[in-house]
Amino acid sequence: MAIFPLSAFLICSLLWAQELLLRRAARIQNMQTPPEETSSPQTLWIRGVVKDTLSKEPLAGAYVRVPGTVLGANTDANGEFRIPTTLREPITIEVSYMGYQSKVVALQPGPEGTPPAVILLNEASILTQEVVISASRVEEEFIRSPVQIVSLPRLAIQSSPALFSAQTLSFFPGVEVVHSSLTYPVINARGFGFTQNGRFIQRVDGVERLSIALSSPVWLFTGPADIDVANAEIIAGPASSLYGPNAFNGAMLTTLKTPFEYPGLSATARIGANYIDTDPKPLYELQARYAFTWRNRLGIKLVLQGFSARDWIPHDTSDRGRYVGAQEPFNHPGSGNPGYLPVNGYGYDARTLISGFPMANGSISPAFYLSRTGYMEKELVNHNTYTAKSHIEATYRISEQIQTKVGYHFAQGQTFFQTHL
């Protein structure tokens, strides 16, 4: 737990050091400026309103930044933004919004109360210009990628009816998802699927998240909340040359939302039910995210997720026992056979072939298998699964190209899975 005070001290130190440097640079600039220009210093504002070109509707949440600096802002519910500055000459800004073409314009700073400039954005009609980074570790157009990439953007995650984004990935070509339980999907993009795929890596913002005991990711615990996912990219095939030997079956790289581009409060709630035909059980899932920024340099976000449901109950009573050497009428599988071995039964494994057994009437019984009476899985395991997960992260921008980030991910709950030995 000592990492929290240390991280807070590091962030505050960096923030204060940069403030001192900026103030010193401002004083030096004022000293070099003629007296007539420094006699009346005044804070000016870059103001504007971002709208759709056709409908003229304001675009809330558009990201506005000053290239070459860490200055920036997000538009409010009315599509308006304002950025403080002390410069009087026109300043170039870049405006971007999901589904729209980015636009670069030059605005003239003005005093408080200056009417905002209107900036119109056009919808992006060419979808093939999507940018991916997982194929070569550099930004490149989707259609120029040297390997097959499966991309899951933020809008696809939000509009998907699936409970987890992993279920949405199973509909893409080249991607297979094996569900070992309701909360344990295993993603595979090459070769045969398996209930534990240690040769497929999953990284979140460049950090590999996996269970140390299982050597593989457990989606509901190690994966991020869908409400905080900006996009996910999957390399459907070997990626060992870029991401190491564990990426032999593929790799999944998830990018989270930054507090600078996605500030504010958002929440989702889902309610459902399973086992409707037998014993209906409720399913609840709640996600919440809050992010705020300070001077477009310090960003903090908090993500919470809660999930509760009745997981799948394996109840296959099919007899998987073999009856080689058994005689009539004990060579037919079924629950009436003394050698009965159900698929989802435990404790039936003490099984042996008995022959020449004397019966009460003095005759010799035919050869038969005898197994110990065990238990079905539903009698041994509590299938109520739940999780409580939180993620807190602080990002500090040293410059436009350099930023430092510290985060803490915590998950607690109950789950189970089945595997093949």
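Predicted model: local features only at pLDDT ≥ 70, side-chain atom pairs only at ≥ 80, totals over all residues.

User: How many helices and strands does the chain have?

Analyst: There are 6 helices and 25 strands. Both are DSSP runs numbered from the N terminus: helices are H or I with at least four residues, strands are E with at least two.

User: And what share of the residues is buried?

Analyst: Of the 421 residues, 39% count as buried. Buried means under 20% relative accessible area, exposed means over 50%, and partly exposed is in between (1.4 Å probe, protein chains only).

User: What about contacts?

Analyst: Taking contacts between residues at least 6 apart in sequence, 60% join residues at least 24 apart. A contact here means heavy atoms within 4.5 Å.

User: Switching to sheets. Which strand order does the open sheet of 3 strands have?

Analyst: The order is β4-β1-β7, and the pairing is mixed. β4 (80-85) and β7 (117-121) are the edge strands, each pairing on one side only. Two strands pair if DSSP finds at least two bridges between them.

User: How many bridges join β1 to β7?

Analyst: Strand β1 (residues 44-52) is joined to β7 by 5 bridges, and the two run parallel. One of the residues involved is D52, whose bridge partner in β7 is L121.

User: What holds paired strands together in general?

Analyst: Strands of a sheet pair through backbone hydrogen bonds, either parallel or antiparallel.

User: Now the surface. Which residues make the nonpolar patch?

Analyst: L302, L304, I392, Y408 and F410 make a nonpolar surface patch of about 410 Å². The elements giving two or more residues to this patch are β19 (298-310) and β25 (403-414). Patches are made of residues with over 30% relative accessible area and no salt bridge; like charges are joined within 9 Å, and nonpolar side chains (Val, Leu, Ile, Met, Phe, Trp, Tyr) within 5 Å.

User: Why does L302 count as partly exposed?

Analyst: Because its relative accessibility is 36%. L302 lies in strand β19.

User: Next topic: how many salt bridges are there?

Analyst: The count comes to 7. A salt bridge is a side-chain nitrogen of Lys or Arg within 4 Å of a carboxyl oxygen of Asp or Glu.

User: Which residue does K405 meet in a salt bridge?

Analyst: K405 meets D205, at 3.1 Å from N to O. The pair links distant parts of the chain, 200 residues apart: K405 is in strand β25, and D205 is in the loop between β13 (201-204) and β14 (207-208). K405 is partly exposed at 39% relative accessibility, and D205 is partly exposed at 30%.

User: Is D228 buried or exposed?

Analyst: D228 counts as buried, at 2% relative accessibility. The side chain of D228 meets R289 in a salt bridge (2.7 Å, N to O) and also K301 (2.9 Å, N to O). D228 lies in the loop between α5 and β15 and K301 in strand β19, so this pair ties together parts 73 residues apart in sequence. K301 is buried at 1%, and R289 is buried at 3%.

User: Which residues form one network with D228?

Analyst: Salt bridges that share partners join D228, R289, K301 and E393 into one network.

Key: Residues numbered from 1 in each chain as written. Heavy atoms only, no water. Areas by Shrake-Rupley, 256 points an atom, 1.4 Å probe, with all protein chains shown as cover.
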